[in-house]
There are 2 protein chains.
Amino acid sequence: MVRYFRQPDVTGDRRRVMALDVLAAGLDAVEPGAAVRRALRRDGDRLHIEGRSYDLRRFRRVWVVGAGKASAPMAAAVEDVLGDRVTGGHVTVKYGYTAPTGRVALHEAGHPVPDEAGVAGSREIVALLHQAGEHDLVIAVISGGGSALMTLPVEGVSLADMQALTEALLRSGAPITALNTVRKHLSQVKGGQLARRAYPATLITLIVSDVVGSPLDVIASGPTVPDPTTAADARAVLKRYGVWDSAPESIRRHLDMAAAGQKPDTPKPGDPIFERVQNVIVADNSRAAEAAAARAQALGLNVLIATTYLEGEAREVARVLTGIGREIATYGRPVGRPACVLFGGETTVTVRGTGRGGRNQELALAAALALAGTSDILLASLATDGTDGPTDAAGGLVDGGTVARAEGLGLSAQAALDNNDAYTLLTATGDLLVTGPTNTNVNDLIALFVW
Amino acid sequence: MVRYFRQPDVTGDRRRVMALDVLAAGLDAVEPGAAVRRALRRDGDRLHIEGRSYDLRRFRRVWVVGAGKASAPMAAAVEDVLGDRVTGGHVTVKYGYTAPTGRVALHEAGHPVPDEAGVAGSREIVALLHQAGEHDLVIAVISGGGSALMTLPVEGVSLADMQALTEALLRSGAPITALNTVRKHLSQVKGGQLARRAYPATLITLIVSDVVGSPLDVIASGPTVPDPTTAADARAVLKRYGVWDSAPESIRRHLDMAAAGQKPDTPKPGDPIFERVQNVIVADNSRAAEAAAARAQALGLNVLIATTYLEGEAREVARVLTGIGREIATYGRPVGRPACVLFGGETTVTVRGTGRGGRNQELALAAALALAGTSDILLASLATDGTDGPTDAAGGLVDGGTVARAEGLGLSAQAALDNNDAYTLLTATGDLLVTGPTNTNVNDLIALFVW
């Protein structure tokens, strides 16, 4: 067994063990607690982080705030590093995503649709920041899911209105960047407003990124980051995705007034409040890919990180990735055999069938079809949070024999793909990746091997 | 102006000139005549080709046969190399795809739906091979389109039946490999049967490949290559793509009998007739990519050939390719700046709108959307035959400013993509690639630049 992975025993297959080992190294590198401990180092009265150094004697109190699915282990790690210098704090996590903390209070709340518990947690954070002053240090622990979890609507907009709008936007197929543009302009904390509330305290934000390319202003709706978007942009998103007309009246009224300059705007790039803010990404897809690459290299493979900006329809992306595998197999380029090519990002699935699966399983199944009959090529696609779509699997690990194994069981891989039923097929062929929750989320990691 | 390219003047833009220069080098390498002259060398009485050498004194007569869109310049090049040693021959080309030849007769015929002229040309070839003997050398010039152009149905199946079936299969969305499996088992010349007819003459086949991965048995339905497929496979294709029930009775009867072993089969791998056959690919996508790579390197760029097996839905492929561009721009990997990454293959477009375009234009437009607002990234996608879809363009050349240029003209790049209308949009923004016919076809060549 390779750590993290619980699927059918692969110890008889040296290549599969190696593939899992490479992915596990990627996961190790983005474990949120370890990532915080690596980034944030205390040396007596000095706190070091990414090229900056803080004198802890300057601060009377140290607060920990934040929200996100990985924020509990992040808060615990901050406590580990700062010990009794932590005064207290409030962090909101998804129901069940807890970790043992000391003085920092955890609030469990709803995700992806916000609930009252999330609002209550946000009120605690706002109240705490309200009494923080120039001699306070605030450390924010932000991760994916933080946008829904840290919800505090603008005055006049109710939580029920926000819930209705969020559900409509999720159904409309709007991408997370569009959703977050809207959330920023209906919130009292997003889009840099948490930083405004912390001012004049010193603010260090530690971030685990679940957004492709790690744009600071998009992750968890950038609560401590200058906001380049406007209320007019938010209104345009609602119109573009067809939810403006059905949006609650309170929301339309607020955005119309904000777009007309009759409401305070989110803080923009150049705002002096950000001089007291340091935003640091402690874990993201790129670090997972780099750690996986280092492990593959240590195992004697020739390694290439092709991209950590992988996007597109999963089944089509699979064809491009396997095309690179065939190039290596035939021509020994772009990298010589034995090779490991790494890809990171987040694909999408347009559901047309009635089966079960997730984007990583679907990508793996499409890759299996493209690789059918080849030898010496293997592709593993992993959701780093351990949850791929509405299944208990994390992805798939396929090779040139997957389709034949399915046929031997009387199953058609093509029919399964046509029905978005990768889970059923990969379960039958023994090609599922299963980890359970990994406590982190830096999107997906895909490793292509050519021996 | 860069040779081949006729689009709006780019001489003011050093980067675009460089991009066209790289693509032009790719085209140079696969010009069919030049490719034949490079592969086939005569030294007095010796004829050299790819590791083998033939004593021309052994042959009383030298014949040139073949079919394909690039076969006229190939035949002319064989005449150049062999001079008066060429006795004569028959080559079938698409209407208008001629080149000046001497003793080799050209027959113009229909493509992609075969016609009587193609059958007449094939009859001439078969008659010629019938009287070729052990002391004859036959040089076949085969290129894309050869399958439709060299049509000679089995006895009992009429040309009208083949036309009806070909049209039904083209409409069904069956890929070229599936189409060619069917054609082989309804033909007197495909699937290695041309080689059987040439036997016991010595046969050299020169091939310009228009199939991704250059599988010899698929290009032009492999007339001189062992056929791994069976009549049962052909029948299964017709059933899978839903055209079996509507197929002409004569075709269903023939395939049923052939599948039952009541008709002679195509020659299979291991058949001794192939001991007298040498199949040589003189030009394919890989050689175009290599020549483009060499030119990019000479221009000072860091070069990577990512794959020559590129397949998938054009707009989704674009997202993966631009993701690699963003990786280079951000992290300097998988190759450092200034970089040129090359891709070859053939994407597909699922048409849902009513606009005009082709797979390369659509890929370019989708890339423009993914690159909007970036700087220093450029993507060029080129149909090497100069004809991208039913347009007079060969592809597109886009960058981070394409979408903004469209907006400046009141046009929406997203709306154009939604309507499969890349031609109209790229024409307006000045981002179309236009070459006119290039006289070759090795699929598509895509160059991604990051300065």
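Two strands pair if DSSP finds at least two bridges between them. Helices (H or I, at least four residues) and strands (E, at least two) are DSSP runs, numbered from the N terminus. This is a predicted model, in which local features need pLDDT of at least 70, side-chain atom pairs count only at pLDDT 80 or more, and totals for chains, interfaces and linings use all residues. Residues are numbered from 1 along each chain as its sequence is written, chains are lettered from A and ligands numbered from 1 in the order in which they are written, and side-chain values use heavy atoms, with hydrogens and water left out.

**Strands E8 and E9 of chain B**

- Strand E8 (residues 202-208) of chain B runs parallel to E9(B), and six bridges join them.
- Ile204(B) has Gln278(B) in E9(B) as its bridge partner.
- Strand E9 of chain B spans residues 277-283, and seven of its seven residues are buried, so the strand is largely enclosed by the rest of the structure. Buried means under 20% relative accessible area, exposed means over 50%, and partly exposed lies in between (1.4 Å probe, protein chains only).

**Interface of chain B and chain A: extent**

- In chain B, 29 residues are in contact with 29 residues of chain A. Contact means heavy atoms within 4.5 Å.
- About 2500 Å² is buried between the two chains, and carbon and sulfur atoms give 52% of that area. Buried area is the accessible area (1.4 Å probe) that two parts lose on being put together, summed over both.
- Tyr309(B), Val320(B) and Arg333(B) supply 24% of the area that chain B buries against chain A, more than any other three residues.

- A salt bridge is a side-chain nitrogen of Lys or Arg within 4 Å of a carboxyl oxygen of Asp or Glu.
- Arg333(B) forms a salt bridge with Glu290(A), with the closest N and O atoms 2.8 Å apart.
- Helix H11 (285-298), strand E10 (302-310) and helix H12 (314-331) of chain B each supply at least two residues of the side that touches chain A.
- H12(B) gives the largest share of that side, eleven residues.

**Ala329 of chain B**

- Ala329(B) lies in helix H12 of chain B. Its relative accessible area is 27%, so Ala329(B) is partly exposed.
- Leaving aside neighbours within four places in sequence, Ala329(B) is in contact with Arg337(B), Ile377(B) and Val450(B).
- Ala329(B) and Thr374(B) are 45 residues apart in sequence, and their C-alpha atoms are 9.3 Å apart in space.
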